[in-house]
Amino acid sequence: MQLELRHLQAVCQIAEAGSLGRAARRLGVSQPSLSAQLRRIERVTGGDLFVRSRYGTELTPLGRFVLARARRVLSEMDALGTRARSVAADAPLRLGCILLVLVDGLLEQTDISLSGREITVELEHSVTALARMLGAGRYDAIVYGEVNGHEVPLPEGAMVRTLIPQEPFSIRMSDQHPLVAREFIDLADLADEPWMALVEDDDGGPEAFVEACARTGFVPALRHRITDRKMQYALIARGRAVALSQPTAPEADGTVMRPLLGTPLTGRIRLAWNRSAVPPQQAELLYRAAACAYLANVDNNAFHRAWWDAHPELHPPCEPERPLSSDA
């Protein structure tokens with residue numbers, strides 16, 4: 001067996017994630033599959049790259065050696081792709097996104113050219129991966145979320161602008177849930193519920209959620225982790241789980257949304273771009289498109305519209321009637 005780029009990427013992801021489980025989720029593979037791949041890589045490199053324990057993984061001296069060279073090779077390959085793209089003047093602007101509610105609207109907003117430049121949109125489940133690929137030139141811009149003040153490290157040369165400084169997380173539950181008649185849900189009253197785990201594990205969300213539950217005296221039972229929205233909603237409708245949700249999330253049959261008492265968890269949505277790939281005018285147009293996509297969902301839930309109207313200082317500029325063009 002010879003080492004391939006995917007093997008080097010796996011080593012980097014395991015090192016960055018600190019555990020095989022988190023790395024497997026970021027790579028979109030099962031943990032047993034990634035473990036088997038790591039064993040094959042270690043046979044080629046001649047020894048263990050990581051020390052495994054119940055607390056995660058830690059690099060061995062050999063692992064640090066391989067990681068440094070893997071990053072160098074991947075950086076060179078990414079640079080090759082970036083330089084090749086720069087030769088093609090008509091190359092599309094590549095946007096990477098976390099599965100935020102605004103993404104659906106953003107796809108519509110950017111379904112036209114941006115100053116004569118087409119846009120492609122790809123979804124990821126890891127904020128860390130998004131930031132790394134922005135630095136590597138895989139994406140020209142990214143839209144992502146952060147929870148309770150967590151700040152995602154961005155690569156050198158990246159510019160960042162906050163779209164939504166703050167939004168309160170809410171709860172999605174079955175419309176037959178015993179608490180459905182309440183206007184606000186106290187997190188403590190959900191102590192015995194099975195929870196849908198957050199899809200992203202590196203935006204500060206899991207830690208903030210566990211800490212919020214601990215403050216109310218319980219450890220959440222994270223029973224399900226499903227990335228498909230329809231499957232999530234179906235499970236919640238059957239009363240099999242409750243879930244944290246963005247307050248702009250749409251209605252779903254058999255479920256209801258309720259705000260959390262005291263807003264123990266808040267999110268922030270940001271846009272970052274590579275300044276060498278996205279000129280200022282295009283960055284401004286992209287920002288406005290994302291802002292308009294968010295605002296289009298504010299009325300999905302009446303409680304969020306009321307909260308939003310009470311916080312005008314959080315509102316981004318948006319001109320939905322203006323086309324996304326160089327004349328904007």
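This is a predicted model: local features need pLDDT of at least 70, side-chain atom pairs count only at pLDDT 80 or more; totals for chains, interfaces and linings use all residues.
Residues are numbered from 1 along each chain as its sequence is written, and side-chain values use heavy atoms, with hydrogens and water left out.

Salt bridges come next. A salt bridge here is a side-chain nitrogen of Lys or Arg within 4 Å of a carboxyl oxygen of Asp or Glu, and searching the whole structure turns up 12 of them. In one, the side chains of Arg270 and Glu146 meet at 3.6 Å, N to O. This pair links distant parts of the chain, with Arg270 in strand 12 (residues 266-274) and Glu146 in strand 5, 124 residues apart. Helices (H or I, at least four residues) and strands (E, at least two) are DSSP runs, numbered from the N terminus.

Asp140 and Arg94 also form a salt bridge through their side chains (3.4 Å, N to O). Asp140 sits in the loop between helix 6 (127-136) and strand 5 (141-147) and Arg94 in strand 3 (residues 93-98), so this pair ties together parts that are 46 residues apart in sequence. Asp140 and Arg94 are both buried.

The pair Arg305 and Asp309 sits in another setting. Their side chains meet in a salt bridge at 2.8 Å, N to O, and the two residues are 4 apart in helix 10 (residues 302-309), which puts about one helical turn between them. Arg305 is partly exposed, at 26% relative accessible area, and Asp309 is partly exposed too, at 46%. Elsewhere, salt bridges with shared partners join Glu146, Glu151, Arg268 and Arg270 into one network.

Of its 6 residues, 6 are buried, so strand 3 is largely enclosed by the rest of the structure. In a regular strand the side chains alternate between the two faces of the sheet. Both faces of strand 3 are covered: Leu93, Leu95 and Cys97 are buried on one side, and Arg94, Gly96 and Ile98 on the other. Strand 3 runs parallel to strand 4, with 6 bridges joining the two; two strands count as paired if DSSP finds at least two bridges between them. Strand 5 is parallel to strand 3 as well, through 3 bridges. Ile98 has Glu124 of strand 4 as its bridge partner, and Leu95 has Ala141 of strand 5.

Glu124 belongs to strand 4 (residues 119-124). Although buried, Glu124 has no salt bridge, and the nearest side chain of opposite charge, Arg138, is 4.4 Å away. For charge, Lys and Arg count as positive and Asp and Glu as negative, with His and the chain ends not counted. The Glu124 side chain does make a polar contact with the side chain of Tyr139, at 2.6 Å. A polar contact is a pair of N or O atoms within 3.5 Å; within protein, one must be able to donate a hydrogen and the other to accept it, and residues adjacent in sequence count only if both atoms are side-chain atoms. Setting aside neighbours within four places in sequence, Glu124 is in contact (heavy atoms within 4.5 Å) with Cys97, Ile98, Leu99, Leu130, Met133, Arg138 and Tyr139.

Gln13, in helix 1 (residues 5-17), is buried with a relative accessible area of 3%. Not counting residues up to four places away in sequence, Gln13 touches Ala23, Arg26, Leu27, Ala129 and Arg132.

A separate topic is the open sheet of 3 strands in the order 10-7-11, with antiparallel pairing. Strand 10 (243-245) and strand 11 (255-259) are at the edges with a single partner strand each, so one side of each has no neighbour in the sheet. Strand 7 (residues 170-174) and strand 10 are joined by 3 bridges, and Ile171 stands opposite Leu244 in strand 10. Helix 8 (residues 229-237) lies across strand 7, strand 10 and strand 11, at about 60 degrees to strand 7. Axes are lines fitted to C-alpha atoms, for helices over the stretch in contact, and angles run from 0 to 180 degrees between N-to-C directions.

Conventions: Buried means under 20% relative accessible area, exposed over 50%, partly exposed in between (1.4 Å probe, protein chains only).
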